[in-house]
Amino acid sequence: MNESSSWWKTGAPLGVAFAAGGAALVWAAMWYAPTERTMGDVQRIFYMHVPAAMNGALAFLVAAVAGIGYLVRRSERWDRVGRTAVELGTLWATIVLVTGPIWARSAWGAWWTWEPRLTTTLIAWLIFLGAILVRRIAGDPEQAARLASVIAIIGALDLPIVYKSVDWWRGNHPIVFGKGGGGLAPEMRTAFLVGALAVTLTHVVLFRLRYRLAQAEDRIVAAERLADEREGLR
Amino acid sequence: MSTLGWMFWGYLAGIVLVAGYVAWIGARLSALERRQRRIDSELGADR
Amino acid sequence: MREPTGRRIRRVTDPLPALRLEGVSRRFGPVTALADIDLSVATGEAVLLLGHNGAGKSTLLRLAAGLVRPTAGRVTIGRAGGREVPSAARARIGYLGHRTFLHEHLTARENLELYASLYGRRDAAALAERWLARVGLERAAERVIRGFSRGMMQRLALARALIHDPQVLLLDEPASGLDPEGRRRLVEIVGEAHAAGGTLLVVSHDPALGLEIARRVVVLRRGRIVTDDRADSRSTADWALAAGGVAR
Amino acid sequence: MRAWRQVVAILVADARREARTGEALMPMLVFALVVLVVSGFAFDLPALLADQRRRLVPGILWIAIAFAMLVGQARHLLADRDEDRASGLLCAPIDRTLLFGVKWLEGILLGIALQVVLIPLAVVFFDLDLGGAWLGLAAILLACTAALSALGTLLGSVVARLGRGEALLAILVLPAAAPVLIAGVKTTAVLLAGEPLASAAPWPAVALGTAVIYAAVGALLFESVLME
């Protein structure tokens, strides 16, 4: 058994992927893309912010699907996918919630607006933090998986409702891109695609890494149980 | 702060968060692997 | 019994199994509680389930009672079965677990009436009256059970589990906490239910209790059936040893 | 009909327990009352004009209701952990969807009991003039309570399974309850301004819609929470 090398076996391609993706993202965002006229350089946050938001939404969708998958199939694999996706979704949402206000503060002079996308992201973050919390509190792994699945499903289901409610409540304030935002210059679009690719690649790599951790967690529980049995403790 | 300065903080925050998460996974993974090896060796000695 | 005539007789007399587990496994996350259990209990049969702590006895009973879903396999009660115990089949089961399932702020009578109604019985009041007498709690009937002793609680729990006249009795350590008189009534009540055609699956640390009734003994170890034999094939002491012996 | 007899039996047993202990309703009432009183001086209500007061009161009212519901449902659902009575219900031949329905209904009943006391108190404390708005107010209270109770029943069962209380329930319920609370506050504000329920659109529909969706999803997922 050569367990000590396994971390590096994953680590090497991981490092290469991160370096390549990061370099491409930074190059595209910092040099390739032109400076936006009204907001200035801060608009370059866009090339990380929006891909992170898209990947966060993707992770939450995966978490909900994994939750349904687990409740139907009761397989540990679905549970590991759910565990991984909930954490990654929370990570991406955190990045969105940190970079967003920085951008907003510079561009519009306010850290936060109660705009549907922002509010929904914050609520998604809170709900999935709840799922992580439930998992930590639950005693046995089966209960943890089952209850966290329920929270993830409720969360994913709730988000469109939250979005629509906040939209009716506050209205769709700052339209930067998309309809009414004037669209993107061709170079900006290319830079955005590079950013999306780099962030998605990071997502895939992180997913595999976290999934490996989930496997290791499950193995340990089984191994400790077996050790207890050998000792006659069970 | 210049718009460039704000952008810098934004990217730094994003990169630190991802790097921190990777470091956390790495730490957990190697701790678990150490524990696994200890259990394996204990079981081996028991046999 | 392989002879054609014998087979024909079997087909006629051998009743439908009251409880059947086919390839049943149950894992709690990465931990396996039951592994590939095949167990068939004939109608009217009485089976004692032995095994040391964590062998999977209680999980097996909870699974048969419809409280735990199997990870794989089928559970069949009478004719109805599947991955899960169907609602109608649960009506045929009387389950007594580690906990009493009783409401401590209700009286003994209210508790029994509640459970009789939950099982759809129209005659809840009369049933409660009869069972209070059978377990010897008539005089405590109108008391809120919060102040009951452990033995009284267990008697009431027994009445609760059997009040709907179940065909399949799943009893998990039914004598725990019972005083000698309570234990006597337990054996009497369970014996009567058995004599009336009831099927029994009893978990007990104390083989002596189970062997008063059971004709067949199943021993579980680490979630697997390791022994399935006639009760009179071994002495009580040997069964205790078989159940508690630690595998090395 | 068996299902009917089962529902009545559970309702009677839980009502008896609640009548003998007051373990859910008492903390709910006291908690809501405390929120009202504290809000009175936290927002310095007496110093405000009637018009400004009317803008604050809906929020205060819904904070009081939402948190009191959390307290009450956490207590109520946690009680079924004693002696593992939740398993007693699961053993019985009751449809699990029906079981969710009963607990949902009990949550709504607790909410109504709370509001019957709380609303008159708020009228007195905050010098409100309900006028002809009380019917509309009752309707929006019922719809939002139904939605909150559905979330509280499902997630409260999660919390009860974990042996935790109100704090975790608040963390789980309130984010998902955001649309319900917005709908409740918006509609109440419109009603207190003396306008008809219809002019609060789309909020009454949002409240009703969320109630239906959460109840449906709760009924669907309830078994997964309860069954090991």
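**Close-up views of a predicted model**

**View 1. A loop residue of chain C with positive phi.** C:Asp165 sits in the loop between α6 (150-162) and β7 of chain C. The model is predicted. Phi of C:Asp165 is positive, about 60°, although the residue is not a glycine. Most residues other than glycine have a negative phi. C:Asp165 is exposed, with a relative accessible area of 58%.

**View 2. The open sheet of chain C.** Six strands form an open sheet in the order β6-β7-β8-β3-β9-β10, with mixed pairing. Its edge strands are β6 (93-96) and β10 (224-230), each of which pairs on one side only. From one strand to the next, the twist averages 15°. Helix α2 (residues 57-64) of chain C packs on this sheet. The helix touches β3, β6, β7 (168-172), β8 and β9, and its direction makes about 150° with that of β7(C).

View 3. Strand β3(C) covers residues 46-50, and five of its five residues are buried. In a regular strand the side chains alternate between the two faces of the sheet. Here C:Ala46, C:Leu48 and C:Leu50 lie on one side, with C:Val47 and C:Leu49 on the other. Both faces are covered. Four bridges link β3(C) to β8 (residues 199-203), and the two strands run parallel. C:Leu49 has C:Val203 as its bridge partner in β8(C). Another strand, β9 (residues 216-221), is joined to β3(C) by four bridges and also runs parallel to it. There, C:Leu48 stands opposite C:Val217. Strand β9(C) is joined to β10(C) by six bridges, in antiparallel fashion.

**View 4. The nonpolar cores.** The largest nonpolar core has 188 residues. Those with the most contacts inside it are C:Leu60, C:Tyr95, C:Leu118, C:Leu156, C:Leu170 and D:Val158. Helix α6 (residues 134-161) of chain D gives the most to this core, with 14 residues. Around C:Tyr95, residues in contact include C:Leu61, C:Ala65, C:Phe101, C:Arg160, C:Leu170 and, from chain D, D:Cys91. A second, separate core has 24 residues, among them A:Leu91, A:Val199, B:Tyr21 and B:Leu29.

**View 5. Two helices from chains A and D.** Helix α5 (residues 141-170) of chain A meets helix α9 (residues 203-226) of chain D. Their axes come within 10 Å and cross at roughly 175°. Because angles over 145 degrees count as roughly antiparallel, α5(A) is roughly antiparallel to α9(D). By class, the contact has 16 nonpolar, three polar and two charged residues. Chain A contributes A:Leu147, A:Ile154, A:Asp158 and A:Trp168, among others. Chain D residues in the contact include D:Trp203, D:Thr210, D:Tyr214 and D:Leu221.

**View 6. D:Ser224 and A:Arg74.** D:Ser224 belongs to helix α9 of chain D. At 11% relative accessibility, D:Ser224 counts as buried. Its contacts include A:Leu71, A:Arg74, A:Arg146 and A:Val150. A:Arg74 lies in the loop between α2 (46-73) and α3 (76-108) of chain A. Phi of A:Arg74 is positive, near 55°. A:Arg74 is buried, with a relative accessible area of 9%.

**View 7. A cis peptide bond in chain D.** D:Pro202 is placed in the loop between α8 (178-192) and α9 of chain D. The bond joining D:Ala201 to D:Pro202 is cis, with omega about 5°. Most peptide bonds are trans.

How values were computed
Residues numbered from 1 in each chain as written. Chains lettered and ligands numbered in written order. Predicted model: local features only at pLDDT ≥ 70, side-chain atom pairs only at ≥ 80, totals over all residues. Heavy atoms only, no water. Axes fitted to C-alpha atoms, helices over the stretch in contact; angles between N-to-C directions. Parallel < 35°, antiparallel > 145°, perpendicular 65-115°, else oblique. Contact = heavy atoms within 4.5 Å. Nonpolar A, V, L, I, M, F, W, Y, C, P; charged D, E, K, R; others polar. Core = buried A, V, L, I, M, F, W, Y, C linked by side-chain atoms within 4.5 Å. Buried < 20%, exposed > 50% of the residue type's maximum accessible area, 1.4 Å probe, protein only. Pairing = 2+ DSSP bridges. Lists of a residue's contacts leave out its neighbours within four places in sequence.
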